[in-house]
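Let's take a walk through the packing of this protein together. Have the viewer ready and follow along.

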There are 2 protein chains.
Amino acid sequence: MGSFGNGPAGDRTGPYGGGGGGGAGVDKGVDFANYFCTYAFLYHQKEMLSDRVRMDAYYNAIFQNKHHFLGKTVLDVGTGSGILAIWSAQAGARKVYAVEATKMSEHARALVKANNLEDVIEVIEGSMEDVSLPEKVDVIISEWMGYFLLRESMFDSVICARDRWLKPTGVMYPSHARMWMAPIRSGLADQKSNDYEGAMDDWHFFLEDTRISYGVDMSILTKPFAEEQKKWYLQTSLWNNLHPNQVIGTAATVRELDCLTATVNDIAEVRSNFSSIIKCHTRLCGFSGWFDVHFRGRMEDPAQKEIELTTAPSVDNGTHWGQQVFLLNPAVTVSEGDDVDVSFAMTRSKDNHRLMEVELDGRIKQPSGNVLQPFRKMFYVE
Amino acid sequence: MGSFGNGPAGDRTGPYGGGGGGGAGVDKGVDFANYFCTYAFLYHQKEMLSDRVRMDAYYNAIFQNKHHFLGKTVLDVGTGSGILAIWSAQAGARKVYAVEATKMSEHARALVKANNLEDVIEVIEGSMEDVSLPEKVDVIISEWMGYFLLRESMFDSVICARDRWLKPTGVMYPSHARMWMAPIRSGLADQKSNDYEGAMDDWHFFLEDTRISYGVDMSILTKPFAEEQKKWYLQTSLWNNLHPNQVIGTAATVRELDCLTATVNDIAEVRSNFSSIIKCHTRLCGFSGWFDVHFRGRMEDPAQKEIELTTAPSVDNGTHWGQQVFLLNPAVTVSEGDDVDVSFAMTRSKDNHRLMEVELDGRIKQPSGNVLQPFRKMFYVE
């Protein structure tokens, strides 16, 4: 066979890799194999630690709001290499519990010791759902955000930590999160469309070859092959760091979350209607989704300095999250003042609760009142 | 976080993807998530069905040895899209059981029907270990070979099928398999060495940056980071289709398997000594591993026409398996007549029984009797 692990087709991830996984009843072993293993490598930790937008936001959030940490107990959910725990301790925390599901915990422990913080920080290897702490905490800090905020479903673990271990007066870091969407133009639309057409052309040569050389008619598989390729090229959202100029309409908030009160139900299914006003005559090639989070403390105990971490399209401040791009096919010509109304639904994939499915059901109203061809499309955030 | 599924670092597979998995006691859910999912895509089936060397070998093996199939019962282990089952039926089999663990079975069933063979071929979805057949079979056919023959450990399932379902007079397709190794020269040695050095240079800038900008000394992680990068760049075997000119010494058989008698013990651990005579003055950059299989029938019931499928370096007949390259670091200058003696050991990875670890323990004797610096190196076939 040759399953392409390190082979010629090994560069195809997404739907072609790690597709399995637990559904509603999550198998922990499968989840670990599919998800946590990624974070067990220093290479990936370094990628995240080199994301200056991410680093600056958390660093400033902590050190410009030391009153939340001084003499306090802190829980870091998914500490990775331990950076947020270390900063919390450096900002004066009395005790920091740093929970990490992977073997990265051993590196975190070494790093804590090398920075002389082993009296303050206790690194605990285990999944947040299983861990028991000796006390409730004043602060829960976590960098839990996945692509388009909710991919990875790691916020579930933060909610679990909050409900079990945060004092009634406790503070969440970050305290708020928002999902955004905006219409965009992008060369990716034509590129992916061409890729798809090329794959199908190639398929037809393959069919002919298999029939003539090997006496088997495979044309019955054309429809499922086309569906598979369409999913891969046209229905799977893409990672991209867009230029702000590519955003062609007003950006809309799809969902706001208060990290102190949000429930798993609030995020397992996100439904929202948004509308965007087109800014210029151009092609609507699809939509971009991103997020921001804020560090505001809580109403009775606010931040002294409110910090924002945004992953919006930016010339100088791109992040490793980038934006997720959802392509329309074909693109639609739009004009200044057109109103794009979209009904948005994001649900978790039945096959893997850490992946998402997004449905966009939209229509474009021209200022004249004329309504352009509506669109309805399903996407996979993989 | 942003676990790089479809992101900027998403192209890094191998040790950075799907690393988990069952060890000795295999968790079926994990194994399915890590392994079988790959074969559930028509794109990958098409890649294999487009490998002419592979296709021609099986096609010729069947149709030039119709006496093994005419009026016989056949079991196809891991039928995928069903091609071997279909050919077996077209060659005159009375009944073909086509077993497939993934949902690809549904496509196989459609293909069988479209080719009017549903009266002969019964597609069974399930893992070979769990499937029950109504009768014993005359032939077991399977395309079970992974990179360097044994990666994927799929031959285990063929052995299981043989021991349970093959008649005492039955025939295995293929009937024999061999693992080969040969010394090679390759620009990959310098390239990967440079990549490693570059990654470590970058790490040192990262350390300085993290210390100055964020007040954390991460130098304690230098050693584990270097080990991780070394494993990635220098100790993970590479897929390559080598030019025969790159083979610089005699090729040696590392292991021969008779598919009729081999046991799981024979393949779970492969130990062998081989030696190779260098053909010219050049640089020994490492070793290449490949395999061939033969279709010979069985001694009492031999093939009329013996067919070979080889994945050896070739100008015109490369396969999707390519060869696995094991790099030496640094390369060693060798001369015509030098004798490379290698003690070879291949074991299954403790973390994932479908992946392999290879140890090469070697020395180079010059014709003068002088012995060059010995080498001992561990590799991961991932």
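How many residues apart in helix 7 of chain B are B:Trp203 and B:Phe206, and what separates them? In this predicted model, they are three residues apart in that helix, so about one helical turn lies between them. Their ring centres are 5.2 Å apart and their planes stand at 45 degrees, so the pair is tilted. With a relative accessible area of 1%, B:Trp203 is buried; B:Phe206 is buried too, at 7%. If you look at the face of B:Phe206, you will find A:Lys46 over it, at 6.0 Å from the ring centre.

Now step back to the nonpolar packing. The largest nonpolar core has 110 residues, and those with the most contacts inside it include A:Leu75, A:Trp144, A:Leu150 and A:Phe287. Helix 7 of chain B, residues 188-214, gives this core its largest share, seven residues. Leaving aside residues up to four places away in sequence, A:Leu150 touches several residues, among them A:Trp144, A:Met179, A:Ile267 and A:Met356.

The aromatic residues deserve a tour of their own. Over all chains, the structure holds 34 aromatic pairs. One of them joins A:Phe287 and A:Phe375, tilted at 40 degrees between the planes and 5.9 Å centre to centre. A:Phe287 belongs to strand 10 and A:Phe375 to strand 15 of chain A, so this pair ties together parts that are 88 residues apart in sequence. Both of these phenylalanines, A:Phe287 and A:Phe375, are buried.

Elsewhere in chain A, one aromatic cluster is formed by A:Tyr58, A:Phe69, A:Tyr173 and A:Phe295. Finally, find A:Tyr380: the charged end of A:Lys231 sits over its ring, 4.3 Å from the centre.

Terms used: Residues are numbered from 1 along each chain as its sequence is written. Chains are lettered from A and ligands numbered from 1 in the order in which they are written. This is a predicted model: local features need pLDDT of at least 70, side-chain atom pairs count only at pLDDT 80 or more; totals for chains, interfaces and linings use all residues. Side-chain values use heavy atoms; hydrogens and water are left out. A nonpolar core is a set of buried Ala, Val, Leu, Ile, Met, Phe, Trp, Tyr and Cys residues joined through side-chain atoms within 4.5 Å. Buried means under 20% relative accessible area, exposed over 50%, partly exposed in between (1.4 Å probe, protein chains only). Helices (H or I, at least four residues) and strands (E, at least two) are DSSP runs, numbered from the N terminus. Contact means heavy atoms within 4.5 Å. Rings of Phe, Tyr and Trp (its six-membered ring) pair if their centres lie within 6.5 Å; planes under 30 degrees apart count as stacked, over 60 as edge-to-face and the rest as tilted. A charge sits over a ring if NZ of Lys or CZ of Arg is within 6 Å of the ring centre and within 35 degrees of the ring normal.
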